[in-house]
Amino acid sequence: MENPFTSKSALQHLFSVPVIVAALGYFVDIYDLLLFSIVRIPSLQSLGLSEAEVSTVGASILNWQMIGLLLGGILWGVLGDKKGRLSVLFGSILTYSLANIACGFVQDPSVYKLLRFIAGIGLAGELGAGITLVSEILPKHLRAIGTSLVAGIGLLGAVVAYFSVEWFDWRTAYFIGGGMGIALLLLRIGVFESGIFQQIKAQEHLRRGNFFSLFTKRERLIRYLKCIGMGLPTWFVIGILATFSNEFGIAMNIAEPIKPGLSIMWCYIGLSAGDLSSGFLSHWLHSRKKAVLALMLLTLIGTIVYLYGGINNTKTFYGLVLVLGFGIGYWAMFVTIGAEQFGTNLRATAATTIPNMVRGTVVLMTTLFINFKQSFSVIDSGALVGLLCFTIGLYSILTISETHNRDLDFLEE
């Protein structure tokens, strides 16, 4: 087997144009995905909204963006299997790039909501299509490392998004995101289509990209649900522990206010490092499942310390958020497992919808969190949501089939 650290041919595969462009595409995707969350308050205040309206309208806009992600995940997944992986990579980034440029000119909250919905649709296609393409063009023993490189580099877009808002006006931050996306379209001219997809494309009788076929066979549905279940702890950390970190900081009696934007940035720095590490861990263990399980258990331990460890200062708090981010760095591996679980005629559909279904569960998590707070403390409410997410996540990874070194040239019946 080629050594990914020393083999010249392995390095050529890992740093080929499709892998680099997929990583840069995901970088822009994450930048734009998190940008509204970072500019929510200043952008809505500049539109003349009151403090109460900033909260309610901001939540509504964010929900519309998440709905766009859910619908876009289905749309781009189906197109990826019907028309090809590259059509999704081009179409999705053009959609969210134009929507983000338009957000820089917005003057009305209703138009803002519509544009974030359109951006959400566009943002849904990038990761699944990129991971599917990279998984199919790389040799099977390099898939884990390749997809980890894509996600690890891509997730740094969150850090750039945070500092772009610190250094520039919120409208300029939107223009930067849209401009980076348009620039990427030019880079993608040199990217080639997956050979595995090209082989089945010629088979006109073969049904490709049938989203509903994921639900017509019990075994396939269970496989699909387990893929979604694995990802729940990742967005519990991002959507609850990091997003509501200001509330947890108050509950912990930390004197200095905790900034959610800063928590999210540190979380994504850890997430990027974890994603890069997870691919090498999977390669070393010869197992996707063991790599994901190890990081999920690290996240569980970190969550217990976060909630009940008696943290009393901001330095320790942000440091622990960084560790939690590293723990959920199995994100790339979880998406890779989703791609590897399904045949070529359903692979893009599954790989694109699975991460967006997980993102969509944040609405349910936040609803539970808010309702639990009516009867329990902030700390215990977070723990209850976490208990549900980790129970499902651990069951899913322990019972799903191993995909390390699986040959991807197969079809779903």
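These are my notebook entries on a predicted model of one protein chain.

**Overall look**

I started with the secondary structure of the protein chain, which comes to 18 helices and zero strands. Then I checked burial: of the 413 residues in the protein chain, 58% are buried. I also looked up how far along the sequence the contacts reach. Among contacts between residues at least 6 apart in sequence, 83% join residues at least 24 apart.

**The cores**

Which residues have the most contacts inside the largest nonpolar core? I found Phe236, Ile240, Leu241, Phe248, Tyr268, Tyr306 and Phe317, in a core of 88 residues. Helix α11 (residues 218–242) gives this core its largest share, 12 residues. I noted a second, separate core too, with 18 residues, including Leu49, Tyr112, Leu115 and Val165.

I went back to Tyr306 and listed its contacts, leaving aside neighbours within four places in sequence. Tyr306 is in contact with Leu241, Ser245, Phe248, Met252, Ile311, Phe317, Leu320, Val321 and Leu324. Tyr306 also turns up in an aromatic cluster, together with Phe244, Phe248, Phe317, Tyr318 and Phe369.

**Aromatic pairs**

How many aromatic pairs does the structure hold? I get 16. I wrote down two of them.

Phe36 and Tyr112 pair edge-to-face, at 5.4 Å centre to centre and with 90° between the planes. This pair links distant parts of the chain: Phe36 belongs to helix α2 (residues 17–46) and Tyr112 to helix α5 (residues 109–123), 76 residues apart. Buried or exposed, I asked of Phe36? Phe36 has 0% relative accessibility, so it counts as buried. Tyr112 is buried as well, with a relative accessible area of 0%, and I had already met Tyr112 in the second core.

Trp170 and Tyr174 are edge-to-face too, with 6.1 Å centre to centre and 85° between the planes.

**α14 against α18**

Next I looked at two helices that pack together. Helix α14 (residues 288–308) and helix α18 (residues 378–399) have axes 11 Å apart, at an angle of about 170°. Angles over 145 degrees count as roughly antiparallel, so α14 is roughly antiparallel to α18.

I listed who meets whom. The α14 side has Lys289, Val292, Leu293, Met296, Leu297, Thr299, Leu300, Thr303, Leu307 and Tyr308. The α18 side has Ile379, Asp380, Gly382, Ala383, Phe390, Gly393, Leu394, Ile397, Leu398 and Thr399. Sorted by class, the contact of α14 with α18 has 13 nonpolar, five polar and two charged residues.

**Two helix residues I looked up**

Arg347 is found in helix α17 (residues 347–372). Its relative accessible area is 0%, so Arg347 is buried.

Thr314 has its place in helix α15 (residues 314–327). Why does Thr314 count as buried? Its relative accessible area is 16%, and the cut-off for buried is under 20%. Leaving aside neighbours within four places in sequence, Thr314 is in contact with Ile254, Glu256 and Ile258.

**Positive phi**

Last, I looked at backbone angles. Most residues other than glycine have a negative phi, so I noted the exceptions I came across.

Asn253 has a phi near 65°, a positive value in a residue other than glycine. Where does Asn253 lie? I found it in the loop between α12 (245–251) and α13 (260–285). Asn253 counts as exposed, because its relative accessibility is 66%.

His286 also has a positive phi, near 55°. His286 sits in the loop between α13 and α14. With a relative accessible area of 47%, His286 is partly exposed.

Key:
Residues are numbered from 1 along each chain as its sequence is written. This is a predicted model: local features need pLDDT of at least 70, side-chain atom pairs count only at pLDDT 80 or more; totals for chains, interfaces and linings use all residues. Side-chain values use heavy atoms; hydrogens and water are left out. Axes are lines fitted to C-alpha atoms, for helices over the stretch in contact, and angles run from 0 to 180 degrees between N-to-C directions. Helices (H or I, at least four residues) and strands (E, at least two) are DSSP runs, numbered from the N terminus. Angles under 35 degrees count as roughly parallel, over 145 as roughly antiparallel, 65 to 115 as roughly perpendicular and the rest as oblique. Contact means heavy atoms within 4.5 Å. Ala, Val, Leu, Ile, Met, Phe, Trp, Tyr, Cys and Pro count as nonpolar, Asp, Glu, Lys and Arg as charged, and the others, Gly among them, as polar. Buried means under 20% relative accessible area, exposed over 50%, partly exposed in between (1.4 Å probe, protein chains only). A nonpolar core is a set of buried Ala, Val, Leu, Ile, Met, Phe, Trp, Tyr and Cys residues joined through side-chain atoms within 4.5 Å. Rings of Phe, Tyr and Trp (its six-membered ring) pair if their centres lie within 6.5 Å; planes under 30 degrees apart count as stacked, over 60 as edge-to-face and the rest as tilted.
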